[in-house]
There are 4 protein chains.
Amino acid sequence: MPDHAAVHSSGEDDAAVGGIAADRLRSIIERVERLEEERKALAGDIKDIFTEAKSAGFDVKVIRQIIRLRKQEPAEVEEQETLLDIYRRALGM
Amino acid sequence: MPDHAAVHSSGEDDAAVGGIAADRLRSIIERVERLEEERKALAGDIKDIFTEAKSAGFDVKVIRQIIRLRKQEPAEVEEQETLLDIYRRALGM
Amino acid sequence: MPDHAAVHSSGEDDAAVGGIAADRLRSIIERVERLEEERKALAGDIKDIFTEAKSAGFDVKVIRQIIRLRKQEPAEVEEQETLLDIYRRALGM
Amino acid sequence: MPDHAAVHSSGEDDAAVGGIAADRLRSIIERVERLEEERKALAGDIKDIFTEAKSAGFDVKVIRQIIRLRKQEPAEVEEQETLLDIYRRALGM
């Protein structure tokens, strides 16, 4: 439950509209929107690199798997691959 | 289906390992990882702003709704709000 | 960290392959797959209803919003709509 | 753009409120809500099976990987595993 400190009496420096810190609210929203724009641009850049990778003959799905593996500890990767192998044989895959 | 151009004969400038353009692959992966790091940092920055907003007494859920509305055309927002009102009354909400 | 109780010595009732409770593993996987199929079918049914709604002239986006609102407490909905109105006026929207 | 066929003149069999086919709208919403409830129940059932799997000593992450693999064609799985191996060696992983 917010304490509604943002709803204050007018007469402050901030351009209070309807008893709210309008400038503060606007600043918060515009900063979030700017950062979201940057995130979107980065997502586009990543997509471009995968397009480049595909054009160069690489398998994008496998590259994504490599990136996932690199985020894990090598010992953890090895343990899971061992288990995967055991489970597959148990299932006759 | 990739054309496997990335799997080429050795003897090129690129450090080909197992017939693959290893340097090119490494460059692709490292660039993606760097951009993903930046995206993660931006997500953290956005989260910080919402924490700040909450501390200032704003309702974060409502701010998110404002940001969604600002992405739409005003005419579209108005039409949907009119319909929402009609549907709610039809349902006795 | 799993305790690897599933990796046991052979000679049990279960068809142990590589020291693993193969039948148990297979049962777990097949049950999950069956439930995932059912979830997928339900997602298809929901999509069909929205297609029907659209054909009947309803706005699907607004129906989704109605469904979201019905999940919340009426008092909570009202408080958020009041705040949304205050924030919008503060921002001159 | 919906054709607003749902907004019709009153005097029909349907309990038209504000010129809308209220019964039809209510039926659509209630059917979606029921199916969403079923989906949620299935998600809970799946979670229970994974809890059971973990208790039996299985690695849940590896089971999820098995389920993903079973959705693919064996030839596709093999090709990707070959490529994964090539890429890893190229990167010295």
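Modeller: A residue is called buried under 20% relative accessible area, exposed over 50%, and partly exposed in between (1.4 Å probe, protein chains only). By that rule, buried residues make up 41% of the 93 residues in chain A. This is a predicted model, in which local features need pLDDT of at least 70 and side-chain atom pairs count only at pLDDT 80 or more, while totals for chains, interfaces and linings use all residues. Residues are numbered from 1 along each chain as its sequence is written, chains are lettered from A and ligands numbered from 1 in the order in which they are written, and side-chain values use heavy atoms, with hydrogens and water left out.

Biologist: Why is B:R64 called partly exposed?

Modeller: B:R64 has 43% relative accessibility, so it counts as partly exposed. Its place is in helix α2 of chain B, where helices (H or I, at least four residues) and strands (E, at least two) are DSSP runs numbered from the N terminus.

Biologist: Which elements does chain A have, and in what order do they run?

Modeller: Chain A has three helices and two strands, running β-β-α-α-α from the N terminus.

Biologist: What makes C:E76 and B:K61 a salt bridge?

Modeller: The term requires a side-chain nitrogen of Lys or Arg within 4 Å of a carboxyl oxygen of Asp or Glu. In the pair C:E76 and B:K61 the closest N and O atoms are 3.7 Å apart, and a salt bridge is assigned. Across the interface of chain B and chain C the rule finds four salt bridges. On the side of chain B that touches chain C, the elements giving two or more residues are α2 (60-71) and α3 (74-91) of chain B. The most comes from α3(B), with nine residues.

Biologist: How many residues take part in the contact, and how much area is buried?

Modeller: With contact meaning heavy atoms within 4.5 Å, 21 residues come from chain B and 21 residues from chain C. Buried area is the accessible area (1.4 Å probe) that two parts lose on being put together, summed over both. Chain B and chain C bury about 1800 Å², 64% of it on carbon and sulfur atoms.

Biologist: How do you know that the copies are related as by a two-fold rotation axis?

Modeller: Copies are superposed by least squares on the C-alpha atoms of residues with pLDDT of at least 70 in both. Chain B can be laid on chain C with an RMSD of 0.0 Å by a turn of 180° and a shift of 0.0 Å along the axis. The two copies are therefore related as by a two-fold rotation axis.

Biologist: Why do you say that the copies meet through the same surface?

Modeller: Because 100% of the interface residues of chain B are also interface residues in chain C.
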